[in-house]
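Good morning. I will take one structure today and go from a single residue out to the whole chain. Please have a look at it before I start.

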Amino acid sequence: QVQLVESGGGLVQLGGSLRLSCAASGIIFSFSGMGWYRQAPGKQRELVATISRARTTTYADSVLGRFTISRDNAKKTVYLQMNSLKLEDTGVYYCRVENSDTWGQGTQVTVSS
């Protein structure tokens, strides 16, 4: 059974940093592309960043230069380092196995002023 478990969310002040983690099980992680998505209140879920099995990364324009996605295949974990956080970064962050319907349960990130 495939399972993704996110952690690392919380309350952070404007301009602060957080690192999210997503631990995977039940998949051949090193062969899987992974992605981070987020959903703000009242808005649709949107792509934040992806990382391929070859470690090629893509980012939404809104987070480019502030967020970094990375992976540790030995730990079967994908990370999202978020710096210079803005109020509009608030939302529930989900990880996903790319090109699948496998999602984590989400972790809340709240940026306060």
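When I say that two residues touch, or are in contact, I mean that they have heavy atoms within 4.5 Å of each other. One caution before we use that: this is a predicted model.

Let us start with Thr-90. Leaving out residues up to four places away in sequence, Thr-90 touches Ala-40, Gln-108, Val-109, Thr-110 and Val-111.

Is Thr-90 buried or exposed? The cut-off for buried is under 20% relative accessible area. Thr-90 has a relative accessibility of 19%, so Thr-90 counts as buried.

Now the strands. The chain has 10 strands and zero helices. The radius of gyration is 13 Å, and the globule rule for 113 residues also gives 13 Å, so the chain is as compact as a globular protein of that length. Along the principal axes, the C-alpha trace spans about 40 × 25 × 20 Å.

Two of the strand pairings share β3. Strand β1, residues 3-7, runs antiparallel to β3, residues 18-25, and five bridges join them. In that pairing Val-5 stands opposite Ala-23 of β3. Strand β3 is also antiparallel to β8, this time with six bridges. There, Cys-22 faces Val-78 of β8.

Val-78 comes up again in the core. The largest nonpolar core has 26 residues, and Val-78 is among those with the most contacts inside it, together with Trp-36, Val-48, Phe-67, Leu-80, Met-82 and Tyr-93. Which elements give two or more residues to this core? They are β3, β4, β5, β7, β8, β9 and β10. The largest share, four residues, comes from β3.

Last, some totals for the chain. Of the 113 residues, 42% count as buried. Of the contacts with a separation of 6 or more, 54% are between residues 24 or more positions apart. The chain exposes about 6000 Å², and carbon and sulfur atoms supply 48% of that area.

That is all I have. Thank you.

Conventions: Residues numbered from 1 in each chain as written. Predicted model: local features only at pLDDT ≥ 70, side-chain atom pairs only at ≥ 80, totals over all residues. Heavy atoms only, no water. Buried < 20%, exposed > 50% of the residue type's maximum accessible area, 1.4 Å probe, protein only. Pairing = 2+ DSSP bridges. Core = buried A, V, L, I, M, F, W, Y, C linked by side-chain atoms within 4.5 Å. Rg over C-alpha atoms; globule rule 2.2 N^0.38 Å. Areas by Shrake-Rupley, 256 points an atom, 1.4 Å probe, with all protein chains shown as cover.
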